[in-house]
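This briefing sets out the fold, the cores and the packing of the structure shown below. Definitions are given where a term is first needed.

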Amino acid sequence: MQNESAAHRSASAEQVRVWDAPTRLFHWSIIALVILSWLSADQGYMTVHLWSGLIILTLLLFRLGWGVLGSTTSRFSDFLHPPHKVLAYLRTQAQGGRVLHAGHNPAGGLMVMALLAVLLAQVATGLFANDGLKFSGPLALIVSDDASDRLTRIHAITFNAILVLVWLHIVAVGFYHFVKGDNLVGPMVSGKKGRAHVPEGVTIIFAHPALALGLLLVSIAVMAWILF
Amino acid sequence: MSSDSRTSVYLSARLYFACVALVTVLGLVTAMALRPAFAHKVLEIVGLEVMPQATPGSFYTVRVAPLFTRHCIGCHGEGRQKAELRLDSFAYLMRGGRHGTVIWPGDAKASELMTRITLPAGDDRAMPPEGKTSLSPDDVTVIRLWIAGGASPIVPAAAIKGAPRQVAEVTFPDLNPAATRNLRAPLASVMQQLSARYPGVVVYVSRNSADLELNAALNSKSFSDADLKTFLVLRDRIVLMDLSGTAVTDASAQTLAHMIALKTLRLSNTKTGDATVLALASLKSLRSLTVMGTGATRAALAPLLRRGVTIHGDGDAE
């Protein structure tokens, strides 16, 4: 018994790298930029809002690319599961079961996709939106005033959707932390998880940082192409 | 932050979700307290929002609301709600916007709406914004007086003294020369012939109409029953006819009875009488009849009067 406990402590203490730096930087940057976008729009600092939105769009483009080319745990193929698997996972969790995942669990993967989708919708509509005063999104002039107004309304609705999803995300992270005893925040900061929380025999291949840098430059170029 | 993913804090799922529900409710309450517009929206959804209505003859309805309709609701109406502010009803106006109340009843100076509409044109916060039609100084005075008077939805329009006189808005239909030409085309040859024979007697009533005015008073005594008969061809277009002082008699009664578009008829000082008046009873569009100096009697005029036709000169009394 003592040996088992000691083995568990040892497994917990042993750290396994699960998240690459680009994914973690993306995660925390998006949080900061969403807050900045919210505050800047609220206070009428529309130039700040514009740039914040453009950076979010660039990062989203990067994340879409990184979801295909990045490290194992960052890839869509790693965390996108069919609905029946997500439901089965949630059922297991509700019954107190425990399923280990090195990266996002199936429910978390769904949340990532939902957040990426609403964030994309938010920045895309923002490009065509206007504030009815002196500020218009960089592409607002290529659509009619009516279309710009409609997209502005959608921009407001998707923002509320973001708030709802973010709250659900926080509730879920809290659930894992306080109910399941899994700290999901720490690994998203350090990139490492205790060995006890990583399935046996999982191999994580980390993409080279230069690939991330290249992808970021491509995202910036695409962004510039969209705008100019 | 520790990178150890095993935490030492444990709660039951039930307790955790109870806490989440509590935090969610507290968050919503806080948001409602900080954001009045959000609070109103939530109360409206749950059916607890009070929506005061302005009365039809109130100063707000008659003087203030039309100004908002003309200058503001493009951005602050049903379709768009900039800054979450709507100005298309009294209830929405008093509810305020994203940043709170915009009207402080009795205190125009403290009211954000007054501040915004009185800022200099170049100011970014001025309303309506650059490029939109500004409120006139009289419009601003009307709003200021209404707020200073308590911003009431029921105070009658006449009760607030010192308001600039209301300017009636008159709109003219746009001229459409092509449409007018089309309307007049069927009359062109007849008009040409009659104008040659009776110069200036028949003219169009306006630039964009095919309705006609026959003014034989200019020709006076030389205009007879036979002459009037020649205008029968235009009976569905002549809306005004002045036969004052002409030689027209009761022999024209049936001719006049066929003038189906006639609205105004002047027969002053003609040898017409009850026979003509009785014949006019069939003209449904007739609104005004002048019979000074004719033989028309009150008895003959009575049916027309009952129908609402305005009679100038009352027959027997002349």
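Two residues are in contact if their C-beta atoms, placed from the backbone, lie within 7 Å. By that criterion, and leaving aside neighbours within four places in sequence, Val64(B) is in contact with Phe59(B), Val142(B), Ile143(B) and Trp146(B). The model is predicted: local features need pLDDT of at least 70, side-chain atom pairs count only at pLDDT 80 or more, and totals for chains, interfaces and linings use all residues. Residues are numbered from 1 along each chain as its sequence is written, while chains are lettered from A and ligands numbered from 1 in the order in which they are written.

**Chain composition**

- Helices (H or I, at least four residues) and strands (E, at least two) are DSSP runs, numbered from the N terminus.
- Chain A comprises 9 helices and 2 strands, in the sequence order α-β-α-α-α-α-α-α-α-β-α.
- Chain B comprises 12 helices and 6 strands.
- A residue is buried if 20 or more other C-beta atoms lie within 10 Å of its own, exposed if 12 or fewer, and partly exposed in between, with C-beta atoms placed from the backbone.
- Buried residues make up 30% of the 228 residues of chain A and 25% of the 318 residues of chain B.
- Among contacts between residues at least 6 apart in sequence, 69% in chain A join residues at least 24 apart; the corresponding figure in chain B is 50%.

**Helix 6 of chain A**

- Helix 6 of chain A (residues 106–128) has 23 residues and spans 34 Å from its first C-alpha to its last, close to the 33 Å expected at 1.5 Å a residue, where the expected span is 1.5 Å times one less than the number of residues.
- Its buried residues include Pro106(A), Gly109(A), Val112(A), Val118(A), Leu119(A) and Phe128(A).
- The cover over the buried residues of helix 6 includes helix 3 (46–69), helix 4 (76–79), helix 5 (83–94) and helix 7 (145–179) of chain A.

**Nonpolar cores**

- A nonpolar core is a set of buried Ala, Val, Leu, Ile, Met, Phe, Trp, Tyr and Cys residues joined through C-beta atoms within 7 Å.
- The largest has 28 residues, and Tyr60(B), Val64(B), Ile143(B), Trp146(B) and Ile147(B) have the most contacts inside it.
- Two or more residues of this core come from each of helix 3 (59–71), helix 4 (90–95), helix 5 (112–118) and helix 6 (137–148) of chain B, and helix 3 gives the largest share, 5 residues.
- A second, separate core of 26 residues includes Leu212(B), Ala216(B), Leu256(B) and Ala296(B).

**Strand pairing in chain B**

- Two strands pair if DSSP finds at least two bridges between them.
- Strand 2 (residues 212–215) and strand 3 (residues 238–242) of chain B pair in the parallel sense over 4 bridges, with Met241(B) of strand 3 as the bridge partner of Leu214(B).
- Strands 3 and 4 (residues 264–266) of chain B also run parallel, joined by 3 bridges; here Met241(B) has Leu265(B) as its bridge partner.

**A loop residue in chain B**

- Val233(B) lies in the loop between helix 9 (225–230) and strand 3 of chain B, and counts as partly exposed because it has 14 C-beta neighbours inside 10 Å.
- Val233(B) and Leu187(B) are 46 residues apart in sequence and 9.4 Å apart in space, C-alpha to C-alpha.
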